[in-house]
Amino acid sequence: MREHLFIHPEVADALAKRQPVVALESTVLTHGMPHPRNVETARRVEAAVREGGAVPATIAVLDGRIRVGLDDDDLQRLGEVGRKAWKLSRRDLPVALALGVEGSTTVAATMIGAELAGIPIFATGGIGGVHRGAELSFDVSADLEELARSSVCVVTAGAKAVLDLPKTLEVLETRGVPVLGFGTDRFPAFYTRDSGLPARRVDGAEEVARILHVKWRLGLDGGVVVANPIPEADALDPAVVGSAIDEALEQARAHGIAGGDVTPFLLERMEALTGGRSLEANVALIIHNARVGSAIARALCALQN
Ligand code: PSU
Ligand code: MN
């Protein structure tokens, strides 16, 4: 497997010593934010993981291998390539590795890399889900399928209301994925703290760690969603978000955007339509998730060592 997987020495060392590690994705870097805010944010997220007492492992595909743990120059280069980089999900990984194409990993592909490397905790911004109109388009993110398969806990600020959130939660339920509200009984909607839908409330990283421990000890493979609401001070006005979403969706329809281009297009439109406020919220919530991810990684190590 070493032929296809490269674990950064610092990450490998932490894993060998059973120390806490937090996986991070790279599609948010290439496709989720503009340059240079993307690189700056990636650095701040890694720093937040370190401040939380864990080692960050940003995952991407470079030099024909899944790289678990990037150096600063890798972050910078991927950030500059931006949306021209391949956005890699499960289906794309073998193609990219075999053909030697570089790219960033989505939540789904990052979960695969994290599980291969033995990293059970992963912090990100938003997960993919069931798109609105999926009953006609069949557009359901591979992230949901991966959450059902790979045994990785994903810390997220929920899913964007550009998606169909009730259907997203239905799929997660069907596929046996626990959705835990971190300090809340509401499923958060990324820019806002409450989607109006329920989540199973947990209080603190230790509770999450116990749930993960029990799930995987029982042989119940698959992931867990830790839905961590955006901090109150950084949340956006639901009315502003709602009208921006309607307009972004309308523009996506008008431009005939489909497939893997949908999510990056909507993110970019949201940024323009909210006058950059969505970007500020995005940065704040990712850093917050990185902190919670480190706390969970530490709690899980404490439980298992
Ligand atoms: N949602 C966000 N920000 C993101 C993404 C989703 O709020 O950056 C990215 C993640 O990498 C996620 C991917 O895994 O988009 C989902 O894409 P799709 O809907 O094409 O599966
Ligand atoms: Mn899709």
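1. Let me start with D139. Setting aside neighbours within four places in sequence, D139 makes contacts with H131, A134 and V262. Keep in mind while reading that this is a predicted model. As for where D139 sits, the residue is in the loop between α7 (134-137) and α8 (142-149). UniProt lists D139 under "binding site", in an unreviewed entry. D139 counts as partly exposed because 19 other C-beta atoms lie within 10 Å, and a residue needs 20 or more to be called buried.

2. On to ligand 1. There are 18 residues around ligand 1, and G32, V107, G126, G128 and S141 come nearest. The elements that give two or more residues to this shell are α2 (27-30), α8 and α12 (262-273).

3. E25 is in the loop between β2 (21-24) and α2. Is E25 buried or exposed? Buried, because E25 has 30 C-beta neighbours inside 10 Å. Leaving out residues up to four places away in sequence, E25 touches I59, T105, T106, V107, T110 and T124. One of these contacts, V107, is also listed among the residues that come nearest to ligand 1.

4. With residues up to four places away in sequence left out, K160 touches G126, A189 and F190. G126 turns up again in the set that comes nearest to ligand 1.

5. Now the core. The largest nonpolar core has 95 residues, and the members that touch the most others are V22, C153, V154, V226 and I296. Helix α13 (residues 277-304) gives the most to this core, with 13 residues. For a closer look, take V226: not counting residues up to four places away in sequence, V226 touches C153, V154, V155, L180, F182, V208 and I296.

6. Last, a loop residue. Where does D221 lie? In the loop between α10 (205-217) and β13 (224-227). D221 counts as partly exposed because 13 C-beta neighbours lie inside 10 Å. Along the chain, D221 and V152 are 69 residues apart, while their C-alpha atoms are separated by 9.0 Å.

Definitions and conventions: Residues numbered from 1 in each chain as written. Chains lettered and ligands numbered in written order. Predicted model: local features only at pLDDT ≥ 70, side-chain atom pairs only at ≥ 80, totals over all residues. UniProt positions renumbered as here; feature names shortened; annotations may be inferred. Helix = DSSP H or I, 4+ residues; strand = E, 2+ residues; numbered from the N terminus. Buried ≥ 20, exposed ≤ 12 C-beta atoms within 10 Å, placed from the backbone. Contact = placed C-beta atoms within 7 Å. Near = placed C-beta within 6 Å. Core = buried A, V, L, I, M, F, W, Y, C linked by C-beta atoms within 7 Å.
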